[in-house]
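Student: Let's go through this structure by question and answer. Please keep it brisk.

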Amino acid sequence: METKVEALEDSRVQVTVTIDAKDVDARIKRTYKEFAQRYNFPGFRKGKAPRPVIDNALGAEAVLATVSEDLVNDAYPQVVEAEALCPVGRPEFGDAGLVEGGKPYEFTFTVEVKPELTLSSYDPVAVELPPEGATDAEVEEQIETLRGHYTTFEDASAATKLKPENFVDIAVVAKDADGKELEGLCSESRLYGPGSGMFSEAFDEEIMGVKKGQVREFTLDVPADEEAVLLAPYAGQKVQFEVTCNVVKKKELPEVTDEWAKDTMGFEDVADLRERIAESITAQKADILPRMKENASLEQLAERLEGEVPAGMVEEAETSLLQDFFTQLQRQGMSFDTYLMQLGITSDQFKEDVKAQALDNAKQELALEAWARHYGIAATPEEVSEEFVKAGLPDPAAVEKEWRDSGRLHLIREGVIRSKAMDDVMDKAVVTEVDLSAKEDKPKKSSKKKTAKAEADSEEAAE
């Protein structure tokens with residue numbers, strides 16, 4: 001078998017494959033035998049029908065069509081492996097016609113392949129990470145979080161006016177434009193903190209400065225895009241409010257004493273509380289710092305990538321992300337609508353997020369492969385085989401052969417190369433320890449979620 005690879009535009013290649021006449025004749029002979037064995041031909045024992053009889057019964061081109069299809073299907077993965085192609089998407093085959101006995105068979109296909117892009121720089125990446133272990137500031141932050149869960153609300157004096165930092169116990173009577181009470185808003189006693197998102201900023205402005213026993217009456221035009229939890233169901237409506245201040249409340253945090261640490265938190269004393277929190281933070285950092293370093297390094301490499309990412313590669317990444325997402329969602333027993341509701345996003349926003357993440361993933365793949373080419377990082381056959389062993393398969397060698405025969409072994413090889421490149425990037429990275437919590441000039445999309453999880457984990461560990 002001979003192959004000729006020609007580069008086209010848009011990261012596509014055209015491959016011409018020529019199969020020797022000897023191999024074509026051998027395949028035709030074998031296929032006639034298979035047909036003779038597979039079908040019953042009157043007057044002949046199974047497997048003994050001659051070619052003319054088979055052609056007359058099944059059609060003169062039946063065997064030739066089968067041979068042509070089999071040759072193409074068998075040759076394609078061999079060509080992918082032999083030419084070290086990295087296909088993106090499905091190949092498009094030209095019309096090669098049928099094989100002919102005694103003649104070589106030639107066919108062509110075009111396929112989009114991964115482009116060999118370059119990086120603007122191959123210098124070590126510079127990464128900023130929080131220091132290992134727990135700092136005093138981090139311990140204090142966790143203690144403040146714990147204190148917040150044991151907050152009490154004490155009545156302020158009758159002369160105290162409501163300020164943004166206070167809370168208030170209010171009685172609310174709310175009616176629609178027709179004077180009908182809105183049960184979802186009415187309450188004889190509701191503890192409310194301005195700016196909490198339960199009511200709107202317009203509501204807060206109306207009740208600000210109120211004192212115990214005072215009544216405020218006002219009407220709000222609830223916007224169509226209202227996001228306040230209690231007002232959102234009445235978006236686009238006029239709501240008449242009568243709000244009575246039962247009492248202004250002051251938020252009181254518990255004092256951090258040995259008694260509080262022991263009686264409320266279950267520790268020996270404050271020193272023991274601090275030590276346990278520090279241990280928890282240290283353990284969390286040991287787990288998360290390597291991932292933070294890897295994510296930051298990948299982000300920088302992707303920014304250095306020069307050239308266009310193939311659309312087919314992004315589509316494949318998007319498909320993979322969606323498959324993994326819905327598999328995980330199914331395991332959790334959660335519906336897609338429930339997931340969207342918890343995050344407060346629409347399905348269109350979800351799709352855009354997935355597309356953006358797919359593009360990021362594709363860029364990071366190409367950036368790592370560019371790094372690998374620059375530094376001569378490759379995957380040995382032994383390393384590729386080891387991946388099948390690591391998977392814990394009953395017969396790793398047999399599965400590896402299946403992947404090779406189907407033209408998919410390059411996926412494992414690419415994964416090994418990217419993994420080795422990632423290790424090399426991490427080893428060469430220049431790390432600077434900084435207090436990332438103080439860097440508010442570059443907020444991350446996921447920072448709020450990570451902070452929330454970190455607080456929850458720390459609290460759980462302390463408990």
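Tutor: This is a predicted model, where local features need pLDDT of at least 70, side-chain atom pairs count only at pLDDT 80 or more, and totals for chains, interfaces and linings use all residues. Residues are numbered from 1 along each chain as its sequence is written, and side-chain values use heavy atoms, with hydrogens and water left out.

Student: How many disulfides are there by the distance rule?

Tutor: A disulfide is a pair of cysteine sulfur atoms within 2.5 Å. Take Cys245: the closest cysteine sulfur is in Cys186, at 18 Å, too far for a bond. By this rule the count is 0 disulfides.

Student: Is Cys245 buried or exposed?

Tutor: Buried means under 20% relative accessible area, exposed over 50%, and partly exposed in between (1.4 Å probe, protein chains only). Cys245 has a relative accessible area of 2%. Therefore Cys245 is buried.

Student: Which class does Cys86 fall in, by relative accessible area?

Tutor: The value for Cys86 is 23%. That puts Cys86 in the class partly exposed.

Student: How are α8 and α10 oriented to each other?

Tutor: Helices (H or I, at least four residues) are DSSP runs, numbered from the N terminus. Axes are lines fitted to C-alpha atoms over the stretch in contact, and angles run from 0 to 180 degrees between N-to-C directions. Helix α8 (residues 311–331) packs on helix α10 (residues 347–374) at about 120°, with axes 8 Å apart. Angles under 35 degrees count as roughly parallel, over 145 as roughly antiparallel, 65 to 115 as roughly perpendicular and the rest as oblique, so α8 and α10 are oblique.

Student: Which residues does Leu321 touch, beyond those up to four places away in sequence?

Tutor: Leu321 lies in helix α8 and counts as buried, at 19% relative accessibility. Contact means heavy atoms within 4.5 Å. Leu321 touches Val354, Gln357, Ala358 and Asn361.

Student: What is the orientation of α11 and α12 to each other?

Tutor: The axes of helix α11 (residues 381–390) and helix α12 (residues 396–405) come within 9 Å. They cross at roughly 120°. Therefore α11 and α12 are oblique.

Student: Which residues of α12 make the contact with α11?

Tutor: On the α11 side, the contact uses Val384, Ser385, Phe388 and Val389. On the α12 side, the residues are Pro396, Val399, Glu400 and Trp403.

Key: Helices (H or I, at least four residues) and strands (E, at least two) are DSSP runs, numbered from the N terminus.
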